[in-house]
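Work through the following exercises with the sequence and the coordinates at hand, and compare each step with the solution given.

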Amino acid sequence: MPSSEPSSLNDHAERLARVHLRELIQDPQRNEQLRHRVGPLLVDLSRQALDGAALQALGEALEATGWQQVRDAMFAGEAINRSEGRAVLHTALRASGSRLPSPAPAEIRHEIEQTLQKIERLVTALHAGEGASYGLPTTVTDVVHIGIGGSDLGPRLAVHALYRYRRPHTRVHFLTNVDGQTVHDLLAGLDPRRSLVIIASKSFNTQETQLNANALRTWIARAYDGDDRKVARHFLAVTARPEAALAWGVPEAHIYPMWDYVGGRTSLWSAVGLVTALAMGMEHFRALLAGAARMDDHFRSTEWSQNLPVLLAMVDHWNRNLKGYGSRAVLAYADLLRDFTPYLQQLEMESLGKSTGHDGEPLAGQTGPVVWGGVGTNAQHAYFQALHQGTDIVPVEFIALIRPDHPLHANHDALLSNVLGQAATLALGRSREQALAEPARLPEGLSAEALAAQRELPGNRPSTIILLDELTPQTLGSLIALYEHKVFVLGHWWGLNAYDQWGVEPGKALARQIAAVLDAEATDLEGFDPATRALIQDIQDRREG
């Protein structure tokens, strides 16, 4: 056990290591203590290897860190992102839907509301076919959102998950990767004169976004014989550098702000969500914000023992630092939530994938686990074998809907029954005796005992079940905010800055140097390491051949 943990936590971990989950879940009082509801979200932690005493010890360890003071500082707009000297105010973006008064600075709340009103005017005009009055194309049939990372994952998740709320006659497309094949194939099916392009880039110089935006500008320019004024009508920008967007060719009236106090991975709630509002209407976008605000209120006003983000963080801390599990699988049993795991990968791994603390010293414990997963029941036919019988234990989070938005109830019952069945089997396992007792064809030369040993499941594998009453803008907003606040708690607990990402930049800078060589703008390879030089040379030789 890591020495950085309080001795009481280590004692509980050692004690519970000798207790199987099939024994723990026989206690109804414990199960009730580990099952909580906030509005339309139910979180069931009863299949985690915890009991009341261990949970209390976790709560006391977290309370000793003073997390509430840092939480309140975040909501008030203090610069808790210390390495960059910035506030962390994505919560202020949805404060209009809160029942609690926002402690964010008044000027920030004012500029947020002004931006929301600007978005609403644009959305209303486009949906009414009056885009020309805003300097946009008269008719828009397709919206292309260009962004990467947080400028893509959040809006993509919301637009796909809330498909049934989409407005008719407007198709939405996302361009993120720099792969030109995707751009080429997308444009083949669009009309340049009826397409609106949103460029979402905080710096407005992200390589992937710039290349894709340039490709679309060239494509639209051909339709207007290079008339820059007409081309400009087709572009909107969301950025923290409006001067760069203006220089690129986006009209000033078409530029929306992205503020320094909002990180990319929490920017869905800002003007980056413009594409979401265009796809489903402003009333549903505001409902998404209100759902997140509801979870904000819960996080701000609820003691740790009932606080869903805090409880999720406790479970993650327990599994990572007391149990030593290195990854976590997130499985949405709803195709509409197919983008949820990729969204969480950025939210959690970019935020918590750190090994250095605020003070510049190495961290003593383990930090963010690898987040992976997919969609059930597909996943059951891919990697559940390893989850049930593999040598590594992987905690699982199951996310499902109670009420679907379709009449195929047999299909939906199959989804829910698989969630409950898989979670129960992960926890309970199947004993050797059960495997022997179950009928099975015995291949020649194999004993019944040997076959039963292979069919035995150890169980004692933890999982969490999160049930949403139904998938609406409000419930999706609450679900995303739940995970955002969990990340905050873990970042504070582990002593790291969850709101910077220094690890990505050096590779991107080196990529720009390599691109200059591949584009023949530079020829000197001496600045690269021998392995990289060899591959550059091979690429160049094969191109010439």
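**Exercise 1.** Which residue in β10 does Val-330 stand opposite?

*Solution.* The model is predicted, so local features are taken at pLDDT of at least 70 and side-chain atom pairs only at pLDDT 80 or more, while totals for chains, interfaces and linings use all residues. Residues are numbered from 1 along each chain as its sequence is written, and side-chain values use heavy atoms, without hydrogens and water. Begin with the strands, which are DSSP runs of E with at least two residues, as helices are runs of H or I with at least four, both numbered from the N terminus. Strand β8 (residues 327–332) pairs with strand β10 (residues 396–401) in the parallel sense over four bridges, where pairing requires at least two DSSP bridges between the strands. Within β10, the residue opposite Val-330 is Glu-397.

**Exercise 2.** Which strands do Asp-142 and Arg-171 lie in?

*Solution.* The two side chains meet in a salt bridge at 2.7 Å, N to O, the criterion being a side-chain nitrogen of Lys or Arg within 4 Å of a carboxyl oxygen of Asp or Glu. Asp-142 lies in β3 (residues 142–146) and Arg-171 in β4 (residues 171–175), so the pair ties together parts 29 residues apart in sequence. Asp-142 is buried, at 1% relative accessibility, whereas Arg-171 is partly exposed at 44%; buried means under 20% relative accessible area, exposed over 50%, and partly exposed in between, with a 1.4 Å probe and protein chains only.
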